[in-house]
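Dear colleague,

I am passing on the structure below, together with some notes on how its parts meet. Please read the notes with the model open beside you.

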Amino acid sequence: MPRALRPNGERPEPRQLRLRCRRVPSLPHVASGKVREIYEIDPDTLLFTATDRISAFDVILRQEIPDKGRVLTGLSLHFFEMMSMRNHLIGADLTAIAQLTDADIASLTGRAMLVRRAEVIPVECVVRGYLYGSAWDEYRTGGGPATEHLPDGLLMADKLPAPIFTPATKATVGHDENITETQAREIVGGDVFEALRAHSLDIYAQAADHAAGRGVILADTKFEFGWVDGELTLIDEVLTPDSSRYWPADQWAPGREAPSFDKQYVREWLSSERWDRRPPPPDLPPEVVAGTRDRYIEAYEAITGAKFNDYPPGDHPPGGG
Ligand code: Q0N
């Protein structure tokens, strides 16, 4: 089916939704995702920001989730700082950026990272430790690029014999598309493919291990890489609930649906509404917004072991010690 005719969220969002969070008018805008915006500081440096927007069933909802952008940025910073892989993070202190006003700094602090500008490698590097989402759909309907080497007889949400690297192409609109190893090698070259696979599996293993120690399963995740000064570099946001599937370990069992930490609550509420999953989505009532916010904060605290109240570091509530 041509992309333009596909049902629901694969249509571009209405203009006003797309523009709503371009809120740093003093900086040139470089790129947008559904919920992220990238601006230029100088030719070598970008400002990577996470908004409070949320998408569900591929549609951007009209209500924002307060603090969601800070939660996601806090998780990215946590993992960038923990990881040994070279990455694009410069820092999160915005106070020395001449182009930003005090009001910009106040609204961006905690939700923005200064990053090195990279030449983006056009392959999404997905690692899966469990069989779920598009990989499960492929597997149960007879196999496809992501699941071609898996044994028979696995169940939905099963733990895989070993984590698998399942590259995908970046679709400009709609879902990414899983591609075969051969296709990925054609896009990036054999040596780069092998480096991407090795780094992706290694970072996944480190993060999954870290999460497991805190009672959380990292079911799958997506990385992006680029070139900075000729060196392979991890870019984008990393290991956030938007780029990863996290499950509370005590709620997982093979053979059944596994509720994701963050979005399950809002998806369940949307499913209880009469809505055909095409824009415009129903308005979230305040208690659903608040409940979703609580889930994001719970995810942050479970995964990092830190209190969200203490984020960002150096930012203390009035009267605090
Ligand atoms: C960049 N994208 C991907 C999320 C997805 N360090 C960088 N240097 C140059 N370009 C990029 C980065 C990074 N990160 C990555 N687009 C530009 C698409 N993004 C768009 C925003 O939402």
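A salt bridge here is a side-chain nitrogen of Lys or Arg within 4 Å of a carboxyl oxygen of Asp or Glu. Asp 229 forms one with Arg 116, where the closest N and O atoms are 3.0 Å apart.

This is a predicted model, in which local features need pLDDT of at least 70 and side-chain atom pairs count only at pLDDT 80 or more, while totals for chains, interfaces and linings use all residues. Residues are numbered from 1 along each chain as its sequence is written, and side-chain values use heavy atoms, with hydrogens and water left out.

The chain is divided into domain 1 (14-118 + 293-310) and domain 2 (120-262), with bounds that come from an automatic or database domain assignment. Their centres, taken over C-alpha atoms, are separated by 22 Å, and the contact (heavy atoms within 4.5 Å) takes 30 residues from domain 1 and 29 residues from domain 2.

Between them the two domains bury about 2,600 Å², 63% of it on carbon and sulfur atoms; buried area is the accessible area (1.4 Å probe) that two parts lose on being put together, summed over both. Met 85, Ala 118 and Ile 303 supply 23% of the area that domain 1 buries against domain 2, more than any other three residues.

The count of salt bridges between domain 1 and domain 2 is 5.

With kind regards
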